[in-house]
Amino acid sequence: MSSSKVFLALTVPEDIGKKRLDSTLAELLPEYSRTTIQHWIENRQITVNGKVVKRKYLLTGKESLSVQFSPHETLSINPEPIDLDVQWSDEHLIVINKPAGLIVHPGAGNYQGTMMNGLLHHFPELAYLPRAGIVHRLDKNTTGLLVIARTEKARQSLASQLAERTVKRIYQAVCEGILIAGMTISKPIARHPRDRLRMTISHQGKSAISHVRINRKFRSHTLIEVALETGRTHQIRVHLNSVGHPLVGDTRYGCRTILPETADEYLIERLRGFQRQALHAGELSLVHPATQEVQSWQVDPPEDFQELVDLLSTDDTRNRNST
């Protein structure tokens, strides 16, 4: 492995309150042990706004943190033989089709059974990269495409492309209600002030832009495509809820299980039984870090999503035929 240094640049969440540096880093970098983080602090490998500080230093939000360490300082997350749907890979990149229910990144209470655990088993060299090469993520119950870097050069390239908003990500979703037309939703997003598991629209939040296009209108729902210009946590879910059209199955963000008039019992049962947000990352496009050529991948929605669309389509057709 290369002996070059790894450099991480982090920004402290603005709503963190007063919190110690070591505790904050443990939350921001859960894949590294507290012992490793404390070692970095004590050895002056971490700076806050360009200055070396003690581990008990209190952060208040928006500080810039930098971390520098050697590649041999590996992750503290254990490899696990978890099946992964690898759509494509070479010596630079890995593209995964993530199923519903699989957590991408370890966090509080979830240090086993994640996609990262599986990646470290199938691709052991990822232990030498920050976050095991993961540069973006999908929510636990969102399905679809994710790209992982296999080298530090590739990781930096992908991080830059994401920051410059040149990575193309298109999602398929089913939302409640009938959208009249496509739209661009540009509303800043921040952590909810009271519920830490939710995000919310806030003028103090980070810029978030989603481009929505209608694929098909059903009687009480709409099949849409959403192209992300930014990639904030829960962005599509928050944005669609903010315009009164939450995703089917997304009870965290306002799903009310709207039912079409004269809906039969089977349709009612299936709509109420869809227990995750109807959201699928179906298309991914980026510049390959080595060849500098644009590469794209597509993957169909999983069976439960397609069954939901087919069900709404069948109901729509029946209703038209009966009128």
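In this predicted model, Cys-255 is buried, because its relative accessibility is 16%. Its sulfur lies 11 Å from the closest cysteine sulfur, that of Cys-175, which is too far for a bond. The relation holds in the other direction as well: for the sulfur of Cys-175, the closest cysteine sulfur is in Cys-255, again at 11 Å and too far for a bond. Cys-175 is likewise classed as buried, with a relative accessibility of 0%. A disulfide would require two cysteine sulfur atoms within 2.5 Å, and the structure holds zero disulfides.

## Salt bridges

Side chains of opposite charge can pair when their charged atoms come close. The count for this model comes to twelve salt bridges.

| Pair | N to O distance | Relative accessibility |
|---|---|---|
| Arg-20 and Asp-22 | 2.7 Å | Arg-20 28%, Asp-22 5% |
| Arg-150 and Glu-125 | 2.7 Å | Glu-125 22% |
| Asp-304 and Arg-276 | 2.8 Å | Asp-304 30%, Arg-276 6% |

The side chains of Arg-20 and Asp-22 meet at 2.7 Å, N to O. Arg-20 is partly exposed at 28% relative accessibility, whereas Asp-22 is buried at 5%. Both residues also belong to a network of salt bridges that links Arg-20, Asp-22 and Arg-55.

A salt bridge of 2.7 Å, N to O, joins the side chains of Arg-150 and Glu-125. This pair links distant parts of the chain, 25 residues apart: Arg-150 is in the loop between strand E9 (143-149) and helix H4 (152-163), and Glu-125 is in the loop between helix H3 (115-122) and E9. Glu-125 counts as partly exposed, because its relative accessibility is 22%.

The side chains of Asp-304 and Arg-276 form a salt bridge at 2.8 Å, N to O. Asp-304 is partly exposed, with a relative accessible area of 30%, while Arg-276 is buried, with a relative accessible area of 6%.

## Strand E15 and its partners

Strand E15 (residues 221-228) is mostly covered, with seven of its eight residues buried. Strand E10 (residues 168-176) runs antiparallel to E15 and is joined to it by eight bridges. Within this pairing, Glu-176 stands opposite His-221 in E15.

E15 also pairs with strand E14 (residues 209-217), in the antiparallel sense and over seven bridges. His-211 has Ala-227 in E15 as its bridge partner. E14 and E15 form a hairpin, with three residues between the two strands.

## The open four-stranded sheet

Four strands make up an open sheet in the order E1-E6-E3-E4, with antiparallel pairing. Strand E1 (6-11) and strand E4 (51-52) stand at the edges; each has a single partner strand, so one side of each is left without a neighbour in the sheet. Strand E3 (residues 46-48) pairs with E4 in the antiparallel sense over two bridges. The bridge partner of Val-48 in E4 is Lys-51.

## Residues with positive phi

Most residues other than glycine have a negative phi. Ala-132 is not a glycine, yet its phi is positive, at about 55 degrees. The residue lies in the loop between H3 and E9, and it counts as buried because its relative accessibility is 0%.

Arg-165, also not a glycine, has a positive phi of about 65 degrees. Its place is in the loop between H4 and E10. With a relative accessible area of 36%, Arg-165 is partly exposed.

Notes: Residues are numbered from 1 along each chain as its sequence is written. This is a predicted model: local features need pLDDT of at least 70, side-chain atom pairs count only at pLDDT 80 or more; totals for chains, interfaces and linings use all residues. Side-chain values use heavy atoms; hydrogens and water are left out. A salt bridge is a side-chain nitrogen of Lys or Arg within 4 Å of a carboxyl oxygen of Asp or Glu. Buried means under 20% relative accessible area, exposed over 50%, partly exposed in between (1.4 Å probe, protein chains only). Two strands pair if DSSP finds at least two bridges between them.
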